[in-house]
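Hi everyone, thanks for coming. Have a look at the chain on the screen, and I'll talk you through a few charged pairs and some strands.

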Amino acid sequence: MLCAPHGGLAQTSPTPQPEPVPVTPQQADQVTTEQWAVHGQTTYIQQLQPAFRSPFAGPQSLPADANGRETFDATVYLGFRPWQGAEVWINPEFDQGFGLGNSFGVAAYLSGEAYKLGNKDPYYRMARAFVRQTIDLGGDAQKLDPDLNQLGGTQTANRVVLTVGKLSVVDIFDTNKYAHDPRQDFLNWAILDAGAFDYAADAWGSTYGAAAEWYQDRYAARVGLFDMPSVPNSTAASLPLLQQTQFVAELEERHTLWDQPGKIKVLYWLSRGNLGLYADALAYAAATGTTPSTKAVANYRSKYGVAFNLEQQIAPDLGLFAKAGWSQGSVEEDAFTDVNASVAIGLSLAGTRWGRPDDTVGVAGVISQISAVGSRYLAAGGLGGIVGDGALFKSGPETVLETYYSFAAFSWAKVSADYQFVNNPAYNQQRGPVSVVALRLHAEF
């Protein structure tokens with residue numbers, strides 16, 4: 001049996017498709033258009049956390065005693081092309097394992113492969129099932145290499161892409177080539193995605209919805225409408241679908257700086273659903289003599305936020321990325337994590353300089369903060385989506401530093417070592433700091 005859902009969602013391990021390759025019309029004519037494909041991947045992560053200072057703890061605290069947890073998943077990617085420009089993909093998957101602290105205790109959580117539903121035995125789920133339609137609008141020809149959830153073929157630089165079905169919002173929005181895939185690069189949630197982007201999702205990180213993308217010259221615009229869970233952080237979709245919704249819009253600019261490519265993205269999101277206000281929860285608790293709970297004061301209301309995303313190649317083997325986000329601090333988190341403002345910056349370096357071009361080393365840092373009223377809510381014993389120490393006597397920004405080395409053991413398999421240092425876990429200056437080490441094994445075909 002699955003454990004009951006208990007707040008927050010995990011990263012759903014998006015699989016960013018590789019960048020299209022510009023080709024001449026003659027080269028495009030030689031590209032084989034795939035009609036169907038079968039791919040697969042498997043990822044195992046073992047995380048270990050030594051004991052750390054903890055004068056007190058609560059129901060959603062990271063355990064202070066030394067402990068270790070593992071996660072495992074295996075996914076099959078089945079795709080076919082029913083007509084020109086269209087792709088149908090389904091991703092059956094098996095998952096197993098738990099995150100450290102059952103995925104509680106750090107707002108910028110420690111593993112994008114750790115879901116909020118843990119299980120000691122493998123269980124099946126359909127991770128994704130969607131249709132994608134590409135409509136060419138002209139411009140230079142581009143080659144698409146076969147990959148996970150991508151059929152090989154060609155497209156034009158100017159195009160419209162429509163996607164509908166079961167997917168993750170961050171498959172399409174807030175992507176970044178240097179920090180977005182916990183199976184291959186960083187692990188921390190607020191480095192993989194903007195920490196304040198409370199994107200619609202069930203407890204596994206996926207949802208139902210539709211998105212449209214328009215690529216024109218050096219710009220792209222994206223909009224999407226997605227279903228929110230019936231109850232924050234649960235496995236159940238709202239019924240009927242889209243009764244509670246999130247609208248997402250993103251603008252992208254592609255440029256060349258010092259002869260190196262880069263992208264800048266600006267994102268806006270607006271959710272409408274059954275959500276509680278921190279101030280209402282505090283007032284209700286004071287009037288009734290109870291512990292504050294946003295669930296007790298939930299009502300149909302809006303929550304919104306913005307995010308900024310930069311990826312910039314500095315040299316052919318070196319990339320810089322930066323992410324920042326802000327969300328409405330008066331409303332509880334709905335599906336991601338208890339962050340109302342965050343800034344992350346990092347570097348990604350390929351191993352070309354030491355003769356290992358398929359290896360990667362990354363280093364990044366993220367600073368996260370909850371709103372002032374959110375901090376008072378936690379101080380009074382309230383529980384957020386994934387944090388809540390039962391008290392918060394001295395609040396401070398949560399800071400995480402992460403570094404990893406990914407070693408390409410084979411063309412199809414990588415072994416990674418990862419280290420994270422967490423200061424003020426769950427915004428609590430009286431607990432921690434915490435060090436976390438991880439071993440990641442990843443293979444795909």
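So, first a definition: a salt bridge here is a side-chain nitrogen of Lys or Arg within 4 Å of a carboxyl oxygen of Asp or Glu. Keep in mind that this is a predicted model, where local features need pLDDT of at least 70, side-chain atom pairs count only at pLDDT 80 or more, and totals for chains, interfaces and linings use all residues. Residues are numbered from 1 along each chain as its sequence is written, and side-chain values use heavy atoms, with hydrogens and water left out.

How many salt bridges does a search of the whole structure find? It's 20. One of them joins K265 and E252, at 3.8 Å from N to O. K265 sits in strand β10 and E252 in strand β9, 13 residues apart; strands are DSSP runs of E, at least two residues, numbered from the N terminus. Both partners are buried, meaning under 20% relative accessible area with a 1.4 Å probe, protein chains only.

Next, R125 and E93 meet at 3.0 Å, N to O, and both are buried. R183 and E113 form another salt bridge, at 3.3 Å. Those two lie in loops, so their pair ties together parts that are 70 residues apart in sequence. Shared partners join D73, E93, D95, E113, R125 and R183 into one network.

Now the strands. β15 and β16 pair antiparallel over eleven bridges, where pairing takes at least two DSSP bridges. A hairpin of two residues joins them, and Y404 stands opposite D418. β16 also runs antiparallel to β17, with ten bridges.

Definitions and conventions. Helix = DSSP H or I, 4+ residues; strand = E, 2+ residues; numbered from the N terminus. Buried < 20%, exposed > 50% of the residue type's maximum accessible area, 1.4 Å probe, protein only.
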